[in-house]
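Let's take a friendly walk through this model, strand by strand and then charge by charge. Have the sequence and the structure at hand.

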Amino acid sequence: MDIEPRLGIDFGRVIHGGLLGPGDDDTAFLDGSFEEALASPATEGVYEVLPGLIEAFEGRAWIISKCGDRIRERTLAWLDHHDFYARTGLPRTNVRFCRKRAEKARHCAELGITHMIDDRLDVHRAIRGIVPHRYLFGPRGGPDWVRHVPDWAAAEVIREDIPAGRTRPATRRSR
């Protein structure tokens, strides 16, 4: 039986607040006011690349994020405020949260995630036996068992790892 490819995407430092330098935190989102968090921008390139990936996965994509209640509330509000679901094609019901990074492995197993984009190597270690295609997002590379994608433009390579016949050509969406 052919396994349907499924994409997992981290929120913090991938969809939002990405491409910060090592040790940098997105203080507006984490520590600023609620209004500052809502006004903070998406990671550069996410709206140009992610919609095509979600389309290539035929909508089988989930945000899987580690956070507490306060950041969960901000994340959901940010997604709505930035019209994220309409702009990317991600189904509104496809957002999962957990309290610890290692718990992302449980979500990946439950959802049958085959491809995961995350900026944390400890997450990739936790999902290593579960998710066959792992992408370490951000400026720093990692070991050879995870594929480095430094930014959203580089994330286009994920299409290469979708089984033949399962990809659709990239389409441009306007902002």
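## Strand β5 and its neighbours

Two strands pair if DSSP finds at least two bridges between them; strands (E, at least two residues) and helices (H or I, at least four) are DSSP runs, numbered from the N terminus. By that rule, β5 and strand β6 (residues 147-149) pair in the parallel sense over three bridges, with Tyr-135 opposite Arg-147 in β6. This is a predicted model, where local features need pLDDT of at least 70, side-chain atom pairs count only at pLDDT 80 or more, and totals for chains, interfaces and linings use all residues. Residues are numbered from 1 along each chain as its sequence is written, and side-chain values use heavy atoms, leaving out hydrogens and water.

Met-116 has Arg-134 of β5 as its bridge partner. Four of the five residues of β5 (residues 133-137) are buried, so the strand is largely enclosed by the rest of the structure; buried means under 20% relative accessible area, exposed over 50%, and partly exposed in between (1.4 Å probe, protein chains only).

## Salt bridges

The whole structure holds 15 salt bridges, each a side-chain nitrogen of Lys or Arg within 4 Å of a carboxyl oxygen of Asp or Glu. One of them joins Glu-160 and Arg-147 (3.3 Å, N to O). Glu-160 lies in the segment after β6 and Arg-147 in β6, so this pair ties together parts that are 13 residues apart in sequence. Glu-160 is exposed at 60% relative accessibility, while Arg-147 is partly exposed at 31%.
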